[in-house]
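Q: I am new to this structure and would like to go through it step by step. Could we look at it together and start with its charged side chains?

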Amino acid sequence: MQPFACITLLLAALGLAQAAPGVRVVNGETAELGQFPYQVRLTLNLPFGKRAVCGGSLLSDEWVLTAAHCLQGVESVEVHLGAVDFNDNTDDGRLVLVSESFFHHDRYNPIFVVNDVGLVRLPEKVPFSERVQPVRRATGQEDFTGRPAVLSGWGLQENGGNVAEKLQYATLNVISNKECAKTYGPLLVKKTTLCARGEQKESPCNGDSGGPLVLVDDNTLVGVVSFGHATGCERGLPGAFARVTAFNDWINEKTGL
């Protein structure tokens, strides 16, 4: 589980990227219940009783898409659906399932954050409702440059802070990979990467990893939160996402969707 915060010196030398479970949406707004019915919160159970947080997107009644780095070294995944508030005293009727069936892309490379996608299979099929709905995936060859897109997650709201208790969201603008490479370098920004930046320094942060980036106009999933800049989430630098259209064939092959 490295990309949003722990790629250390090599990535710092290459492009100062970091990816680690738990990126908060910096400078975001609080979501309402049911506003993002495809949003999933993953509580990752790690060895020695440790836990971490990532996001995910509900693809179907049985599958969740997340980041590969979220699943490294994980023993089980607690999947929360239909929720916004994660105050310990909250009982809002969310669905909670524990999965021990999950895997990342066969060619995931944590050093260069390549193929940073993974899948969690739910232990049972979940019923859909106004608060729990699958997301639509983008298809085709469009690169989405210039399109506004919404990021959502429970990640840190400021550097060194805590993960958000309530789901946060922010609108970003997709930028070209050429522009993104000015920040991270061509070794990190591949054809399978999509980048987006907020006009008011909105950004993914630790804890948002694996979460969705969807187009504003039709809620189509275009990105999976992958990595950000090692110097912090509050500088207004672009966030990097796994480009969903580059992984549709892999997703379909693994899930049968």
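A: Let us start with Arg 137, which is buried but has no salt bridge. The nearest side chain of opposite charge is that of Asp 249, 7.6 Å away. Buried means under 20% relative accessible area, exposed over 50%, and partly exposed in between (1.4 Å probe, protein chains only). A salt bridge is a side-chain nitrogen of Lys or Arg within 4 Å of a carboxyl oxygen of Asp or Glu. As for charge, Lys and Arg count as positive and Asp and Glu as negative, while His and the chain ends are not counted.

Q: Before we go on, what kind of model is this?
A: This is a predicted model, in which local features need pLDDT of at least 70, side-chain atom pairs count only at pLDDT 80 or more, and totals for chains, interfaces and linings use all residues. Residues are numbered from 1 along each chain as its sequence is written, and side-chain values use heavy atoms, with hydrogens and water left out.

Q: Back to Arg 137: which strand does Arg 137 lie in?
A: Arg 137 belongs to strand S10, residues 136–137. Helices (H or I, at least four residues) and strands (E, at least two) are DSSP runs, numbered from the N terminus.

Q: Which side chains have a polar contact with the side chain of Arg 137?
A: The side chain of Arg 137 has a polar contact of 2.9 Å with that of Asn 248, and one of 2.9 Å with that of Asn 252. A polar contact is a pair of N or O atoms within 3.5 Å; within protein, one must be able to donate a hydrogen and the other to accept it, and residues adjacent in sequence count only if both atoms are side-chain atoms.

Q: And what else is Arg 137 in contact with?
A: Leaving aside neighbours within four places in sequence, the contacts of Arg 137 include Leu 59, Thr 220, Val 244 and Ile 251. Contact means heavy atoms within 4.5 Å.

Q: How about Arg 41: is Arg 41 buried or exposed?
A: Arg 41, in strand S3 (residues 39–45), is buried and has no salt bridge. Its nearest side chain of opposite charge is Glu 78, 7.1 Å away. Not counting residues up to four places away in sequence, Arg 41 touches several residues, among them Cys 54, Glu 78, His 80 and Trp 154.

Q: Which residue does Arg 197 meet in a salt bridge?
A: Arg 197 meets Glu 179, at 3.7 Å from N to O. This pair also links distant parts of the chain: Arg 197 is in strand S13 (residues 193–197) and Glu 179 in helix H2 (residues 177–184), 18 residues apart. Arg 197 is partly exposed at 26% relative accessibility, and Glu 179 is partly exposed at 28%.

Q: Now to helix H2: which residues of H2 are buried?
A: Asn 177, Cys 180 and Tyr 184 are the buried residues of H2. They lie on the same side of H2, because they cover an arc of only 60° around the axis. The arc is that of the directions from the helix axis to the C-beta atoms. On the other side of H2, Lys 178 and Lys 182 are exposed. Gly 185 follows H2 and has a positive phi, near 90°.

Q: Which residue forms a disulfide with Cys 180?
A: Cys 180 is joined to Cys 195, with the sulfur atoms 2.1 Å apart. A disulfide is a pair of cysteine sulfur atoms within 2.5 Å. Cys 180 lies in helix H2 and Cys 195 in strand S13, so the pair ties together parts that are 15 residues apart in sequence. Both Cys 180 and Cys 195 are buried.

Q: How many disulfides are there?
A: The count is two disulfides. A disulfide also joins Cys 54 to Cys 70, S to S 2.0 Å. The link of Cys 54 and Cys 70 is left-handed, with -85° about the S-S bond.
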